[in-house]
Amino acid sequence: MKFKKPLLAIILVLSALCLSLLCLTGCGDDTDIYANRVKVVFKLEGGTYRSTQSDVVYYLGEKDGSSKKIYDPVATSGEEMTNAEYKFVGWFRDRIEDGDRVVYRNKWDFDLDRVGDDGITLYACWRRYTYNVCYRDEDGTLNVLGEYSVEAGEPFEDYDEYDNSRAGYTSLDVYRTESGELWDENFKHPGGDEDLAVNVVVDYLKGDYKLVRTARELKSSRSGNIYLMNDIDFEGEKFAGFGNYRGTLNGNGYTIKNFTLDYANGRDGLVNNDALANDGNHNGKNLLVLSLFGNADGAKVENVKFENVTFDVNTTFNLTAGIYVAPLALTAKNSEFKNVTFDGTLKVSALPNGFDEDPEKPQLFVSTAPCYRNTDGSPFTDCAITADNQTGKKH
């Protein structure tokens, strides 16, 4: 009995100490002890975790302007999160209510994504059914790029563009069933107890290309890698060609037609090109050049037709030392042209005063061959040129 009072005294002292510490933590400028910490919230969206459906909340370190990695609480704890017969498909940044339907977008990648000082709220996505966006590699193995959680009866839509996430390849915007048939846009997910996932397989082109369907798209991507998806009709508009081309153009068997080559015919249009220097008649300076692919260097052009193309030499600028015209390329180096046809008109509307009057010192050079000067024997295979040559000149 004599030990009870000292024991009671010790308990009272410890209790008083704890109360004083709590008071100190709450008596500063911030009433919330977590105000300067990064908050992470996991909303279970109907799931059950550790016998509750409440949000999982935790706080990272101090707000310091840095980005921080977070971890999936379910994966790290090893405890199961359930939701009746539904399948957990991941944590998502965005929860969008679309009528009676809830859509989850921007799936969180715990390996790559990071949290800033503003923190993050992530939403658990539960679905019984999915569409998997897939591709087959060179060995025929099916690989999944991403998945969409849906309800039975929903159509497929690649709204997060998983098809564009395969590195080193360009999606052709063509989808197929797992057996290789073209995707039926009217298809609805059948649901069922066993059919949890429907695979949608994407057609790809190796390399990084711009898929071109219109004249406007061709103009905006003319210097890069191009893959035609249909015929391109300029309907009489001007088109500047492809510059000094260094990319790959795969025409996919289509035709680019009905245009006049656009170029600057004054001082701004003159170029210097030592490869075109002409035996002392000029030194390769102040030249006007007309060609679809200019000085092709490392270019690859294949399976394309150019139809009803007009090259019109039309300049009176008197500082022009020479004019060169060639259907496909002025010069070619480390390039390849295969199965390319050109059908057009080469004409002269105006020349500078006194230009090209001395037959011993020509200044206008026209090639009806695909290339004016092939500097390294670059192959021109199955290339056909048909030109109504109204220039009176021929190289």
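Predicted model: local features only at pLDDT ≥ 70, side-chain atom pairs only at ≥ 80, totals over all residues.
Student: Let's begin with the whole chain. What does its secondary structure come to?

Tutor: It comes to three helices and 27 strands. Of the 395 residues, 39% count as buried. The chain exposes about 22,000 Å², and carbon and sulfur atoms supply 45% of that area. Among contacts with a separation of 6 or more, 65% are between residues 24 or more positions apart.

Student: Why is Gly241 called buried?

Tutor: Buried means under 20% relative accessible area. Gly241 has a relative accessible area of 0%, so it is called buried. Gly241 sits in the loop between strand S15 (238-239) and strand S16 (248-250).

Student: Which residues does Gly241 contact, leaving aside its neighbours within four places in sequence?

Tutor: Those are Arg222, Leu261 and Leu292.

Student: What makes Tyr34 partly exposed?

Tutor: Partly exposed covers the range between the buried limit of 20% and the exposed limit of 50%. Tyr34 is at 36%, so it counts as partly exposed. You will find Tyr34 in the loop between helix H1 (4-26) and strand S1 (37-43). Together with Ile33, Val57 and Tyr59, Tyr34 makes a nonpolar surface patch of about 340 Å².

Student: Now the charged pairs. How do you know that Arg93 and Asp113 form a salt bridge?

Tutor: The cut-off is a side-chain nitrogen of Lys or Arg within 4 Å of a carboxyl oxygen of Asp or Glu. The closest N and O atoms of Arg93 and Asp113 are 3.7 Å apart, so the pair meets the cut-off. Arg93 lies in strand S5 (residues 87-98) and Asp113 in the loop between strand S6 (101-107) and strand S7 (120-127), so the pair ties together parts that are 20 residues apart in sequence. Arg93 is partly exposed at 33% relative accessibility, whereas Asp113 is buried at 18%.

Student: How many salt bridges does the structure hold?

Tutor: There are eleven. One of them joins Glu97 and Arg95, at 2.9 Å from N to O. Glu97 has a relative accessible area of 58%, and exposed means over 50%, so Glu97 is exposed. Arg95, at 34%, is partly exposed.

Student: Which residues are linked with Arg95 and Glu97 in a network of salt bridges?

Tutor: Glu45 is linked with them.

Student: What makes Asp274 and Lys285 a salt bridge?

Tutor: Their closest N and O atoms are 3.4 Å apart, and the limit is 4 Å, so they count as a salt bridge. Asp274 and Lys285 both lie in the loop between S17 and S18, eleven residues apart. Asp274 is exposed at 56%, and Lys285 is partly exposed at 34%.

Student: Why are S18 and S24 said to stand at the edges of their sheet?

Tutor: The sheet is open, with three strands in the order S18-S21-S24 and parallel pairing. Strand S18 (287-290) and strand S24 (364-366) each have a single partner strand, so one side of each is left without a neighbour in the sheet. The twist averages 10 degrees from one strand to the next.

Student: How do you know that S18 and S21 pair?

Tutor: Pairing needs at least two bridges, and four bridges join S18 to strand S21 (residues 322-325), so they pair. Within this pair, Val289 stands opposite Tyr324.

Student: What makes S20 and S23 a pair?

Tutor: S20 and strand S23 (residues 336-350) share 13 bridges in the parallel sense, against a requirement of at least two, so they count as paired. Asn314 stands opposite Ala350 in S23. S20 also pairs with strand S17 (residues 255-261) over five bridges, again in the parallel sense, and there Phe259 has Val309 as its bridge partner.

Notes. Residues numbered from 1 in each chain as written. Heavy atoms only, no water. Patch = residues over 30% accessible without salt bridge, like charges linked within 9 Å, V, L, I, M, F, W, Y side chains within 5 Å. Areas by Shrake-Rupley, 256 points an atom, 1.4 Å probe, with all protein chains shown as cover. Buried < 20%, exposed > 50% of the residue type's maximum accessible area, 1.4 Å probe, protein only. Contact = heavy atoms within 4.5 Å. Axes fitted to C-alpha atoms, helices over the stretch in contact; angles between N-to-C directions.
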